[in-house]
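Please open the structure in your viewer and keep the sequence at hand.

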Amino acid sequence: MLQPEANRVCVRTLLRHHDVALMLQCWRTLVQCSADPVETVVHDDGSLTEEDAQAILGAIPRSRVLWRREADALMKERLAGHAAARAFRAGSVWGLKLLDVVLAEPGDCYYVDGDVRFFRPFQGLFCRAALANRSVFLRDRVWAAYSVRPWHLLDRRGLRVSAAINTGLTLIDRAQFDLDFVNWFLAQPDWRVIPAWTEPTCWAALARRSNGHAIDPAQVTNMYPGARVTATTIGAHFLSAYRARFQTALAAPVRGDEATSEIRFQRLGGLGPLGLGMNQLKRKLGNEWMRRRQS
């Protein structure tokens, strides 16, 4: 029986044409496994077609597409007076993931990447109680994929970030999303040493100001080399760089007859300059080792 409409939340994703098939494969499991009643909102990155929309609407009940042209009109109003945020959105698709999924439409933000899938029933994630007065992310136990350098955490501007997060899943109480702070962050050009990581870095800074939490990584894990889907894994984020290694897990059947698991949350701590520096050095050495191995 369908739950009353008022009990449903909108779970959002940002999608490009190339990833429609993968998103449908993964999000069928999200709808199937979530005991919390949801509706699906797909944010078009500008590349989706009418055929893509029909495929989404046909495969996932209670879904709709927010077209880029519609979002552009909405966000012009939402970002009035925030020039840095407007510029970031205009210049990077990641601006849609940072801004549109929170601000384009009313309500709290429940965002999940299209490459996150689930394996067994769960509850307590897509509901108001999960994000009341806080933000929630995936925990990244391998890398701090941040665009800043360690010394940026020492200067007088006072930037603070949470310990490594992954924004493949991002929930935030709408009242905790400080657009003025986001605009201030985006107005610091030297904080974009790695431009593609500006969005997660801004979220990591927001997490420090919004009671940041992460889902227990034993329940929902990022699929780096060495990661495993176990009998107790609820969901997994199939990172594009390593997805080819995990095709069997990606296609595993849903264990729908198992008992419904309650999602567990962990409070995020801070990440200081020493921790960030060690993580970035480790990543640099690892990349150099791979480069030499392949040469």
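At roughly what angle do the axes of α7 and α8 cross? Select both helices: their axes come within 10 Å and cross at roughly 135°. Helices (H or I, at least four residues) and strands (E, at least two) are DSSP runs, numbered from the N terminus. Axes are lines fitted to C-alpha atoms, for helices over the stretch in contact, and angles run from 0 to 180 degrees between N-to-C directions.

The model is predicted: local features need pLDDT of at least 70, side-chain atom pairs count only at pLDDT 80 or more, and totals for chains, interfaces and linings use all residues. Residues are numbered from 1 along each chain as its sequence is written, and side-chain values use heavy atoms, with hydrogens and water left out.

**First stop: α7 and α8**

The two helices α7 and α8 are therefore oblique to each other; angles under 35 degrees count as roughly parallel, over 145 as roughly antiparallel, 65 to 115 as roughly perpendicular and the rest as oblique. Now display the side chains of Phe181, Val182, Phe185 and Leu186 in α7, which meet Thr198, Thr201, Cys202, Ala205, Leu206 and Arg209 in α8. Contact means heavy atoms within 4.5 Å.

**Second stop: α4 and α5**

Next, select helix α4 (residues 83–91) and helix α5 (residues 94–103), whose axes come within 7 Å and cross at roughly 130°. That makes α4 oblique to α5. From α4, the contact is made by Ala85, Phe88 and Arg89; on the side of α5, Trp94, Gly95, Leu96, Leu98, Leu99 and Asp100 take part.

Keep α4 selected. Which residues of α4 are buried? They are Ala84, Ala85, Phe88 and Arg89, where buried means under 20% relative accessible area, exposed over 50% and partly exposed in between (1.4 Å probe, protein chains only). These residues cover an arc of only 130° around the axis, which puts them on the same side of α4; the arc is that of the directions from the helix axis to the C-beta atoms. Among the elements covering them are α3 (68–78) and α5. On the face of α4 turned away from its buried side, find the exposed residues Ala90 and Gly91.

**Last stop: two loops**

Select Arg62, in the loop between α2 (50–59) and β3 (63–66). Arg62 has a positive phi of about 55° although it is not a glycine. Finally, go to Asn211, in the loop between α8 and β10 (212–215). Asn211 is not a glycine, yet has a positive phi of about 55°.
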